[in-house]
Amino acid sequence: MSIHLHAAAEALRQARQSGETIAPITQRYQVSGLDEAYTVAQINTEYKLSHGSRIIGKKVGLTSKAVQQQLGVDQPDFGILFDDMEYLDGDSIPVSQLLQPKIEAEIAFIVGRDLVGPIPSWGEFISALAYALPAIEIVDSAIHDWKITLEDTVADNASCGLFVLGNQPIEIGSLNLAKVKMELEHNKVVASKGNGTACLGHPLKAAWWLARTMCEKGIGLKAGEVILSGALGPMVNVKAGDQVTAYIGRLGSVSCQLV
């Protein structure tokens, strides 16, 4: 494996450890193309696993056209969710470990049975899901001022930060997820609005894209894993002291306090 990819991975780790952002790694380390970017992310995934972290899910990133336009990219990506990223409704969220946090309201799915092996059909995928939950994702970037290309965010684990899940799971068959409305309140003021169609046309289609991609790469999805299906509207900047609540149709609400 090329030395420059390991150097890029180490630079991203050090940025988060030091609390100081860095220049785009596509420029600084000549990381070129999605294969190289995902290799950088995998190096850091293996580093975290070797230091005691556990994978509990996957995320789809860049599913909203609004978010794509905010960041200047044109296709989705995926990242790995670790056990130290997860919080629940009403929790206090420590943002001191983040660099440039932004929030998104999303629909999370819980995998009910393993999805491994052949690329799943739509029916196989739907039948493997157990529940849906309202979710808040707190995305973060190690790249200064979020000046990222698609390769930069992919290498940085799809700009993963932390996530917050609602408490009450809902069976997906009773929901019209394409038409679900979302409002995201930031300090009791509505700061972002959207709906299910903003997420690759339908949140389940975004999650299916992830399932197919994971199986194609030989990774798959395991029972109990969380799928963050992607933003339902524009991102909002946040800082310590902020209160955030997402309202997502019949899925209900999910809140957190940033500290």
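This is a predicted model: local features need pLDDT of at least 70, side-chain atom pairs count only at pLDDT 80 or more; totals for chains, interfaces and linings use all residues.
Me: What makes Cys160 and Cys199 buried?
Reply: Buried means under 20% relative accessible area. Cys160 has a value of 7% and Cys199 has a value of 0%, so both are called buried.

Me: How do you know that the span of helix α7 agrees with its number of residues?
Reply: Helix α7 covers residues 203-216, and its 14 residues should span 20 Å at 1.5 Å a residue; because its end C-alpha atoms are 20 Å apart, the two values agree. Among its buried residues are Leu204, Leu210 and Met214, and the buried residues of α7 pack against elements including β1 (55-61), β5 (102-111) and β10 (226-231). After α7 comes Gly218, with a positive phi near 75°.

Me: What is the expected span of helix α3, and what covers its buried residues?
Reply: Helix α3 (residues 33-50) has 18 residues, for which 26 Å is expected at 1.5 Å a residue, and the distance from its first C-alpha to its last is close to that, at 26 Å. Its buried residues include Tyr38, Ile43 and Asn44, and the elements that cover the buried residues of α3 include α1 (3-18), β2 and α6 (150-155). Just after α3, Gly52 has a positive phi of about 100°.

Definitions and conventions: Residues are numbered from 1 along each chain as its sequence is written. Side-chain values use heavy atoms; hydrogens and water are left out. Buried means under 20% relative accessible area, exposed over 50%, partly exposed in between (1.4 Å probe, protein chains only). Helices (H or I, at least four residues) and strands (E, at least two) are DSSP runs, numbered from the N terminus. The expected span of a helix is 1.5 Å times one less than its number of residues. Contact means heavy atoms within 4.5 Å.
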